Amino acid sequence: MELNMSSTIEMGMADYWGMIRRRKWMVLGIVLSSMAVSVILCVVLPKNYRSSATVLVEGQKISTSYVKSGVEGTTDGRLNAIQQTVMSRTSLTKVAEQFGLIVPEMSPLEREQAIQNMRQKAKITKMRLGHLKGADTTEGFTLTFDHSDPVIAMKVTEVLAAQFIEQDLQFREQVLEGTSGFLEQELRSEELRLEEQERAISDFRTKYMGELPQQMEANLRSLDRLQMDVNAARDNIQSAMNRVAILEKQVSDATSSVGAQGQTPSDSTNQGRGRDPLITRLAELERTLTTLSAEYRETYPDILQTRQEIEAVKSQLAAKYGVSKDEVTPGSANLIDPMVRDLMRQRDEAKNEVGVLKERLRRLLDQIKQYEGRVERTPVREQELMILVRDYDNMQKNYQSLLDKRLNARLAENLEKRQKGEQFRILDPANLPVTPESPNQLAILLGGLVVGCGLGGGSAVAAELLRPALRREEEVESLLGVPVLAGIPAFNTLLGAREKIAAASSPPLGSNKRSFLLSYREKDKADAVPETQLAEKALPSAVSWNVIAKWWPNSMITEQYRVAATRLALMSREREHSVALITSSVMGEGKSTTTINLGHVFAQGLDKKTLIIDCDFKRPAVGRYLGVASKPGLSDYWKGTCDIDACLHRVDEIPLWVLPAGTGSEQMFELSRIRQLEELLHEVRPRFDQILLDAPPVFPLADVNFLSRLADAIVFVILAGKTNREVVEKALKALRPQCQVGIILAGMESASIPHYQYHYDDRHADRYVTGR
């Protein structure tokens, strides 16, 4: 059987949440560690004090309807430009040296770092109060600076606020001076552009003479005259073409008449004119050839000689009349009729006349096309000329506008010199901070919580992905390419609520703390039998925990065992007495528990005589789980101390027998015993409907490789969420099965169980707990 292990399966949010839930303690530890680090940071981080100053932007004191401000642009743009100047390296270096933030002993790298720290600590927050006036503009800003010394923070804030006001005054003066100089330069440039535009208009009129808008009427009259000439030329052409057609018809009629009668038209009209003897000779030779061809073959000498004479006469006629030899025929009018030749000459002259008339028509049409092109291009030239004229008019207007702006710029310059324009004013001076501004303990704690959750979740997912395990049936079939017989839920999911189990079980089942399951005999339909009473009947607690199919026949777990047994029976339906081998990758995956529950289902649920053979000689467990004696068994049978019937132990009253490993089994199995086991199977196979071999795991032993050859089907048990996926793949490859293989996924978590099955099980569990 070839195994396909190259498939992959996509993971959803539920899968990632399951990974985090399974490793919740690791996630919780990482979150708590992150929170502890956050608390430590809140304690050890240095404290900073922040001082602030508020600067108000005052508007122009003279109405803009009389004098417009010479400083254009928004307050935001001007503030950003001033900020770049104040926060420059040169300006901040002077402030830092003034307050001892930079000392001469510092290295260049330390000085640069100090400047960068000042840039980061100084912040500007704009106050947008303009919406009260109907516009979203900046009406002021707040300048803040933080430092470990509150006094230094206050003094640095004062100096920076004063620099903002100073730089704003300088900025406005520079803008106005630049504006005046720019307008003077633009006026001179505009005069030059006006002169260039005038020359461009003159050059345009000269270049496109004949296509100008005022010449449209003359072009249209020329087109009318040319159109009349064209009509006359077309009439002349049509008359010449009609004459050519008449001559063509006369030539065609003359040629057809000669071809039909075998003589030229002149033969019938001009009797006194002699006929060319070569033509007569050619006609006689053609008739002779026709007569000879009717009587003799083509190779007859007279026929050959006649053909030669015909070719010679044709050559002479062709040379005489200046035509090709193929055109020479006895009735060829083109060669011998003067009337036809005259008609052809007239036809050729008529055709030449048609060509001359067409050439004249073409010249007339070209002239029409030229004038039409002028007319068509006239709107384009008009548009281009209009653009030139419009640009000239715009330049004139622009020149006048520049004159007005130069006057306004001089007024705005006087406005700023008298301190009547827009300016910055300190509204709230820098304060002396009392409480520290940082660190922000709440943000640090929240950040630690977020980082801890992220690291914890990521670590849990990474831990799961680094050692992937199979958890769901669809993963097994997709990744391994082997059909799943059933998915067995974990035994602790049998009851939906541990409180119900704890309330119904006193004392709890077994010594294992994970065992919350109660023990119930099959014959008890209403009353539960506690483990203490069950022990009196020589059934240890381990028996009750593992034989779920016996004590919980209506549970979801037992139902899945029935599904697995049914599918296993269908896999081996071709064999009347089938042998199934149950194994796993490594020990501890539940193969023995699976074996005894499948055996119980085969015996009681499917009413088949079932035999379980414990072939795990290193760690036999079937007899212990089912409460039967460990001897005599298989080893005793091979030693010859007991016969096979004495070694078979029946379980309860159902058709289920167990063949335990026997005494000293862990020392006796050798590869040579495989032949004896095969003979034993041949002996007992006819006596049982189903034989189950509880084989050892594939790793680290090699026994199962030999036992697999004795089975009709192999059941491979995988412990969900525990066994590494690579181990399972290696085990299946090492097994190299020659028969059908099915997988039972044991120990599935409740999250992997369909909700309808899970609630179905809860309902029946409630019935067992309450005794209904």
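Mentor: Phenylalanine 688 has a relative accessibility of 3%, so this residue counts as buried. The model is a predicted one. The ring of phenylalanine 688 has a partner in tryptophan 657: the two form an edge-to-face aromatic pair, with 5.6 Å from centre to centre and 65 degrees between the planes. The angle is what decides the class, because planes over 60 degrees apart count as edge-to-face. Tryptophan 657 belongs to strand S9 (residues 656–659), whereas phenylalanine 688 sits in the loop between helix H24 (674–684) and strand S10 (690–694); the pair therefore ties together parts that are 31 residues apart in sequence. Tryptophan 657 is also buried, at 17% relative accessibility. A charged side chain accompanies the ring of phenylalanine 688 as well: lysine 609 lies over its face, 5.7 Å from the ring centre.

Leaving aside residues up to four places away in sequence, arginine 650 touches Trp657 together with Pro655 and Leu656. Arginine 650 is part of strand S8 (residues 649–650), and its relative accessibility of 44% makes it partly exposed. The side chain of arginine 650 reaches two backbone oxygens: that of isoleucine 654 at 3.0 Å, and that of glutamate 653, which lies 3.4 Å from a polar atom of the side chain. Arginine 650 can also be placed relative to valine 628, which is 22 residues away in sequence and 8.2 Å away in space, C-alpha to C-alpha.

For context, a search of the whole structure finds four aromatic pairs. One of them joins phenylalanine 204 and tyrosine 208, whose ring centres are 4.8 Å apart and whose planes meet at 50 degrees, so this pair is tilted. Phenylalanine 204 is buried, with a relative accessible area of 8%, and tyrosine 208 is buried at 18%. Elsewhere, another charge is placed over a ring: arginine 374 lies over the face of tyrosine 371, at 5.1 Å from the ring centre.

Notes. Residues numbered from 1 in each chain as written. Predicted model: local features only at pLDDT ≥ 70, side-chain atom pairs only at ≥ 80, totals over all residues. Heavy atoms only, no water. Phe/Tyr/Trp six-rings, centres within 6.5 Å; stacked < 30°, edge-to-face > 60°. Buried < 20%, exposed > 50% of the residue type's maximum accessible area, 1.4 Å probe, protein only. Helix = DSSP H or I, 4+ residues; strand = E, 2+ residues; numbered from the N terminus. Lys NZ or Arg CZ within 6 Å of the ring centre and 35° of its normal. Contact = heavy atoms within 4.5 Å. Polar contact = N/O pair within 3.5 Å; in protein donor to acceptor, adjacent residues only side chain to side chain.
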